[in-house]
Protein chains: 2
Amino acid sequence: MSTVNPHYLKLSASYLFSEIAHRVDQYLAQNPGSRLIRLGIGDVTRPLPAASIEAMHRAVDELASADTFHGYGPEQGYGFLREAIVRHDFAPLGVNLSPDEVFVSDGAKSDTANIGELLDTPATIAVTDPVYPVYVDTNVMAGRAGEPCPDGRWSRITYLSSTAENGFVPDLPRRRPDLIYLCYPNNPTGTTLTRAELKRWVDYALENDSLIVFDAAYEAYITHPDIPHTIYEIPGAERVAVEIRSFSKTAGFTGVRCGYTVVPHGVTLSAPGGGRVSLNPLWNRRQTTKFNGASYIAQRGAEAVYTPEGRQQVRQAVGYYMENARLMLAALRSAGLEVYGGTDAPYLWLKAPGGQTSWQFFDHLLRCAGIVTTPGSGFGPSGEGYLRLTAFGKRDDCAEAMRRLQAGL
Amino acid sequence: MSTVNPHYLKLSASYLFSEIAHRVDQYLAQNPGSRLIRLGIGDVTRPLPAASIEAMHRAVDELASADTFHGYGPEQGYGFLREAIVRHDFAPLGVNLSPDEVFVSDGAKSDTANIGELLDTPATIAVTDPVYPVYVDTNVMAGRAGEPCPDGRWSRITYLSSTAENGFVPDLPRRRPDLIYLCYPNNPTGTTLTRAELKRWVDYALENDSLIVFDAAYEAYITHPDIPHTIYEIPGAERVAVEIRSFSKTAGFTGVRCGYTVVPHGVTLSAPGGGRVSLNPLWNRRQTTKFNGASYIAQRGAEAVYTPEGRQQVRQAVGYYMENARLMLAALRSAGLEVYGGTDAPYLWLKAPGGQTSWQFFDHLLRCAGIVTTPGSGFGPSGEGYLRLTAFGKRDDCAEAMRRLQAGL
C-alpha cells in the first residue's frame, strides 16, 4: 500500500471560487441574457507592453535558427535579466543586490508556494488575516498547519488580524513564529504599510530570529512616498527577509509567466546541530534540482520591461488600472460605502453595509447590479463582512458597474 | 531560531557537473586555443519546428491587443493542448485518455520533482541504477532517502542495478517500494524495455500496490515496434502509473518550457485510515495551489507540434539526432569499444575499455581527443566504468569527435 500524503486530505476543495461560479451560474439561469461585470478576479486585461511584444518576437525568431538557438538556460535565470532587475528595481532605491541574489522563476505563485520547503517541517508560521490562500494551503500540504478549527483557522498557524479596527496594520505576533508571510501592498485588502510600520516587522524578525517572506507582487502600484517599494529599504532586512516579485501585475505577464525571488546572501537559518545556514545556496539547490528555468521568451519579454519604452508602457498600464481604482473609490464613497485600499494597490476592500456577511452582500450585488465580486470571508476569518473588488477590468466595465451599484443599493 | 530543512543539508553540491567544468577549465588552461567538442550535455541544438515558431509569433501577437489578450490560463493547461495530446500521443496507440487526465506543465523536470509530494513522507522508493539524479535528490530533500552510504547510495532507497550483465533490464525489487521511478527510453543508458519487460513492472506494481512514475521524455526516439511508447499500452497501468512527458527532446523546447503529466482517474493510493484516494484530484490540488500554468506562448507552440507540418518537422529533428547516434555507434564499435543505447534513444552508454573508471576514461577522452563526456559514475554506483554520450550535437561536431576518438584511442 502506497500511502498518500495525509496532509493533502485535510484540504477541502477550493470552496471560494467554485461557490462563486455556482452562484453566478444560478443567477444566469434565472436571468438569461443579463450581462455580468466581473470585478472579482485578480487578472489583468491590458495588453503587454509593446517593448515586451517586440522582444518576444525577436526571442521566438532566435529559436528558429540553429545559430541563435537557446536550449536550457540557467535555472536561476539569464544574467541579462538578473542584472536588469538589480539595476532597475533596487539600485535606484539605494538597495545594492548582487545578480546571484536574484532567482528568476515562472511566477510569484510558484515561489511563494515552494519557499517553505527550506524550513524544517515543524516550523511555525504566521500570516496576516485576511490572507492570500497560497501561504496557508501550501503549509497545510507540508504538514505544519495542524488541524482545521471550526472558526476557519488552522490550529498551528498564527493569524494576525488586519481590519478597519486596527487600520489594517496587524499587531506583531505574541509568540514568535519561525516564518512570517507579509504581502504589501496587500492582497486582498489593498492596504499598505508605511516605512515605520514595516520597520517594526523587520526589527521583530531580527530580535526573534524569524524569517520574513515578503510578497511584493503589487509594488508597481505604490504612489505614496512613505511606502517602501522593497523590504530591503529597511535596514537589517537583508538578514531576515526573502522578497518575491512578479511581472504579472506590473507588465501583464499573468499568461506569460515570469517572476523572481530575492534571497540575499545575508539571510540565514539555524541548523539542527547549531550554527547558521545561508539560505541563498539552499534556494539555489532547490531551483536547480526541481526547476529548469523560466521560458527564454518570457525572460526576454521581462528584460524589455526595463527599457525606457517598456517602463513608459508599464506606467501607462498601471495608470490605467489606478484610474479605474480612483473612479471606483469615488463612486463607492459617494454611495456612502466604507472602502479601503485602491490608492497604492489595484484592490479595493469594501465593507458590507448594515452588518451583512460577505456572502450576503455578494448576493446582493450579483442580484441587484449584476456585479461579481469576491467575498472577503474566502480570504480568512478577518475578511468576513468585506468584499474584494479589483481595478483590473476594462474602463467601461468599471464605470458601468459603478452606475449599476449606485442604482442597485 | 528558524530551523532549516535538515534533509537539504545532506545533499552535497552537484559534484558531477562542477567537477566536469573544473577538469575542462584545467585542460583549456593547459591547452589554450584547442577546440573542445561537448558530447556530454543532454541539450538539443536543432531549431524549433517552423510550425511552433509560427504559432508562437501568433500567440505573442494575441497578447499585444486587449481584444485577444490571454491572462491567467487554467493551471492544468489549455483545453486545446490537453485535447491535442490525448488525440495524437495516445489515441493512435489504442490508449483512451480523457483531457482531464493530462496536466500541462513547465516541463518534465518540475513534474518528476514534485510528484513525490503526493505520498506520505515515510514512503519507500526504488530507482534503477544508474539514474537521472532528480529522482534521488528530490526524495533526499523530502526526507525519505535516509542517510548517505559510503558506496554512494542512500540507506532508504532501493537501487535496481542496470548493467551490461543483466542486459540493462533491472531485476524487480525484492522488498516492495511504495514508489518506483522508471525512465524508458532510459537516461542515461539509452536502453529500453520491451513490452513484455515493462509488463513485468506493471504486474509487479498491481500485485504489490506500488505506484510507478514512468518518465517517457525520450519516447519520440523509439524506432523498434516491440518497445511501448507509453506505459498505458500495458493493461492495468492505468491503475498504477503516472506518466511524464516533455516537449524538450521531441520538439526542442528545452528553452521554451513545456511538458505534461498523465494522472489517470484509476490511479489510487491507500489512505491512512483505510480506503483509497484517487491521485488525479490530488495532483490537481497540487498544481492549482503551487503552479499558475505553463506560458500561453509555449502552449500554443506545443499545440503546433501536432499539426501535419509540425509532426513532419519533429520527425526531421529526431531523425537528425538519430543519424548522429547511428554515426557515433558505428564509429565507436569500429574502434572496438563496447557501447549500448543509441538505437531508440538519443543517449549512448559507452563502456570504458581496459577496466578504467568513468573518470579515468573521461580524462583520457578529454586529453587525447578534446571530447567532453559525462562520467557514468555521476548517475549512480552502477554507472561506474561507463560514460554517457549524447547525440544532440551538430552533425559536423559528432563526425569530428568520432575521427578524433578513433585517432586518440
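Asp363(A) and Arg23(A) pair through their side chains in a salt bridge, 2.8 Å from N to O. Asp363(A) belongs to helix α12 (residues 358-369) of chain A and Arg23(A) to helix α1 of chain A, so the pair ties together parts that are 340 residues apart in sequence. Both Asp363(A) and Arg23(A) are buried, where buried means under 20% relative accessible area, exposed means over 50%, and partly exposed is in between (1.4 Å probe, protein chains only). A salt bridge here is a side-chain nitrogen of Lys or Arg within 4 Å of a carboxyl oxygen of Asp or Glu. Helices (H or I, at least four residues) and strands (E, at least two) are DSSP runs, numbered from the N terminus.

Before going on, please keep in mind that this is a predicted model, in which local features need pLDDT of at least 70 and side-chain atom pairs count only at pLDDT 80 or more, while totals for chains, interfaces and linings use all residues. Residues are numbered from 1 along each chain as its sequence is written, chains are lettered from A and ligands numbered from 1 in the order in which they are written, and side-chain values use heavy atoms, with hydrogens and water left out.

Over all chains, a search of the whole structure finds 46 salt bridges. One of them joins Lys10(A) to Glu147(A), with the closest N and O atoms 3.3 Å apart. This pair also links distant parts of the chain, 137 residues apart: Lys10(A) sits in the segment before α1 (15-30) of chain A, and Glu147(A) in the loop between α5 and β4 (157-161) of chain A. Lys10(A) is partly exposed, at 25% relative accessible area, and Glu147(A) is partly exposed at 43%.

Now let's turn to the two chains. How many residues of chain A are in contact with chain B? There are 78, facing 78 residues of chain B, with contact meaning heavy atoms within 4.5 Å. Chain A and chain B bury about 6,500 Å² between them, 57% of it on carbon and sulfur atoms; buried area is the accessible area (1.4 Å probe) that two parts lose on being put together, summed over both. Across this interface the rule finds 4 salt bridges. Among the elements that give two or more residues to chain A's side are α2 (50-62), α5 (133-141) and α10 (296-304) of chain A, while the largest share, 6 residues, comes from α9(A).

One salt bridge between the chains joins Arg285(A) and Asp137(B), at 3.5 Å from N to O. Another brings together Glu75(A) and Lys109(B), at 3.2 Å from N to O. Glu75(A) lies in the loop between α2 and α3 (79-90) of chain A and Lys109(B) in helix α4 (residues 108-114) of chain B, so the pair joins two chains. Lys109(B) counts as buried, at 8% relative accessibility.

Over on chain A, Lys109(A) lies in helix α4 and is buried at 7% relative accessible area. Residues that Lys109(A) touches include Tyr132(A), Glu75(B) and Asn292(B). Asn292(A), in the loop between α9 and α10 of chain A, is buried at 10% and touches residues including Glu75(A) and Lys109(B).

Terms used:
Lists of a residue's contacts leave out its neighbours within four places in sequence.
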